[in-house]
Every structure is written in C-alpha cells, then in structure tokens.
Amino acid sequence: MTAISTDTKVFIAGSRKLSRLNPEVRERIDKIVDKGFTVIIGDANGADKAVQQFLHLKHYANVIVFCMEGVCRNNVGSWPTRAIRAANSDRRDFTYYSTKDRAMAAEADYGLMLWDGQSRGTLTNVVHLVRQGKPVVVYMASSKSFQMLRHPDHLAKILAQSDIGELHRIDRELQTVEPGAISRRKLDAALLF
C-alpha cells in the first residue's frame, strides 16, 4: 500500500442492515486507503462495523472512531476515538446518536454512505454533508450503484431510486427530530425523475 500523507477526512457510514461489503464497496474503500485519507467512522453495528472489520484486515491505521460519551460499541482496530457529548443523554434514541453523526459530517471533507434506501440515519448524513457543500458518494444497495452528490439539488438522484413510501416514513420521522430535514419539494422532485 502506498499511502500519501494527507489531512483529508472521509466520513464513511451506512445502514445497520448492511453488514457485508460487496467487492464494489471494498474497491471504493481501497481507493480511500491508497490515498492515505483519514477515515472517520461511527461505532454502530452494520455498515460501521463491517467497514471497521475491512480496515482492520488491511491493517489501516488512519482511522478515528466516533463514540457517544466516550463509550464505543465497536472499535475493531482499537483506533483512536473521539468522544461526542449529547445535550440530553437520558435517552439512547435517534436524536442522541445523530449528535455523533453531525459531528462526523462537520469534520469530514467527503462522505461515502452505504444506503439501503430505508435508513433515516444514513439519509440524514447525506443531507448534512451535501448541505455543507461536501461531496458525498452514495452506494445504493438496491441497485448496487454509486451516485455522486455535490449539491442539495442532487438529492433527487437518490430519492428517485427509493421507495416513495419509505421516503414519506423517513420524512415523517425526521420532521419530529429535525424540522425541514427533507423538504416536501425534494420528495416531489424525486417523483419527477
């Protein structure tokens, strides 16, 4: 492996239902590793843990695991951690863990999201990155394809490939957590393409 010293950070995350990495996703992660980018990743089961296992097998050291309150559920490679504090730590719910995701999106330069078309957390990460003007590659598990998003208007690309019922469910759930997370206009635009 030829690693280039860099301060570039890539936020890799995905749906908890995606616990295996296919060859195309592994190839994308290999490119990140070959460039020596810092991987910032969460500690959840599913995609986070699968990516951690893959990076550990590659003996890749340039990884930071973000954990809530300093307690990591998964840190396969015993990498350095970043403890994120929540304003309200009474409940371990979507709002609690999304605090960590927002911190990773803020620190990242780029994103690689593995989306099953249903995970509101993964979609929220995509929205946060794109709104901050950070390019994000979204792996669409249903079509086994990648979409590059650079601008909020590009969200329609991935929304168009998603089940509209799931999008309405995600939108309803996010409205209770983050008003305006996915605007009705974006959902309507997804139906046009």
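Student: Which residues does Arg 26 touch, not counting residues up to four places away in sequence?

Tutor: Leaving out those sequence neighbours, Arg 26 touches Leu 21 and Phe 54. Bear in mind that this is a predicted model.

Student: How many residues apart along the chain are Arg 26 and Phe 54?

Tutor: They are 28 residues apart in sequence, while their C-alpha atoms are separated by 7.8 Å. Arg 26 belongs to helix 1, residues 23–34. The relative accessible area of Arg 26 is 31%, so Arg 26 counts as partly exposed, since that class lies between the 20% limit for buried and the 50% limit for exposed.

Student: What pattern does the chain follow, read along the sequence?

Tutor: The order is β-α-β-α-β-β-α-β-α-β-β-α-α-α, with seven helices and seven strands in the chain. Of contacts between residues at least 6 apart in sequence, 62% join residues at least 24 apart.

Student: How many of the residues of the chain count as buried?

Tutor: The share is 48% of the 193 residues.

Student: Why is helix 4 described as largely enclosed by the rest of the structure?

Tutor: Burial is judged by relative accessible area, with under 20% counting as buried. Ten of the twelve residues of helix 4 are buried, and therefore the helix is largely enclosed.

Student: What does helix 4 reach from its first C-alpha to its last?

Tutor: Helix 4 covers residues 120–131 and reaches 16 Å, close to the 16 Å expected at 1.5 Å a residue.

Student: Which residue caps the N-terminal end of helix 4?

Tutor: Ser 119 does, with a side-chain oxygen 3.4 Å from the backbone nitrogen of Gly 121. Just after helix 4, Gly 133 has a positive phi of about 75 degrees.

Student: Where should I look for a positive phi in a residue other than glycine?

Tutor: The general idea comes before the cases. Most residues other than glycine have a negative phi. Here, His 59 has a positive phi near 60 degrees, and Ser 78 has a positive phi near 50 degrees. His 59 lies in the loop between helix 2 (47–57) and strand 3 (63–68). Ser 78 lies in the loop between strand 3 and strand 4 (81–84).

Student: Is His 59 buried or exposed?

Tutor: His 59 is exposed, at 69% relative accessible area. Ser 78 is exposed too, with a value of 64%.

Student: How many aromatic pairs does the count come to?

Tutor: The count comes to one aromatic pair. Tyr 139 and Phe 146 form that pair, at 5.0 Å centre to centre with 50 degrees between the planes, which is a tilted arrangement. The angle is read against two limits: under 30 degrees is stacked and over 60 is edge-to-face, so a value between them is tilted.

Student: Is Tyr 139 buried or exposed?

Tutor: Tyr 139 is buried, with a relative accessible area of 6%, whereas Phe 146 is partly exposed at 22%.

Student: What sits over the ring of Phe 146?

Tutor: The charged end of Arg 28 does, 4.1 Å from the centre of the ring. Phe 146 thus has two ring features to inspect: the tilted pair with Tyr 139 and the charge of Arg 28 over its ring.

Notes: Residues numbered from 1 in each chain as written. Predicted model: local features only at pLDDT ≥ 70, side-chain atom pairs only at ≥ 80, totals over all residues. Heavy atoms only, no water. Helix = DSSP H or I, 4+ residues; strand = E, 2+ residues; numbered from the N terminus. Expected span 1.5 Å × (residues − 1). Buried < 20%, exposed > 50% of the residue type's maximum accessible area, 1.4 Å probe, protein only. Polar contact = N/O pair within 3.5 Å; in protein donor to acceptor, adjacent residues only side chain to side chain. Phe/Tyr/Trp six-rings, centres within 6.5 Å; stacked < 30°, edge-to-face > 60°. Lys NZ or Arg CZ within 6 Å of the ring centre and 35° of its normal. Contact = heavy atoms within 4.5 Å.
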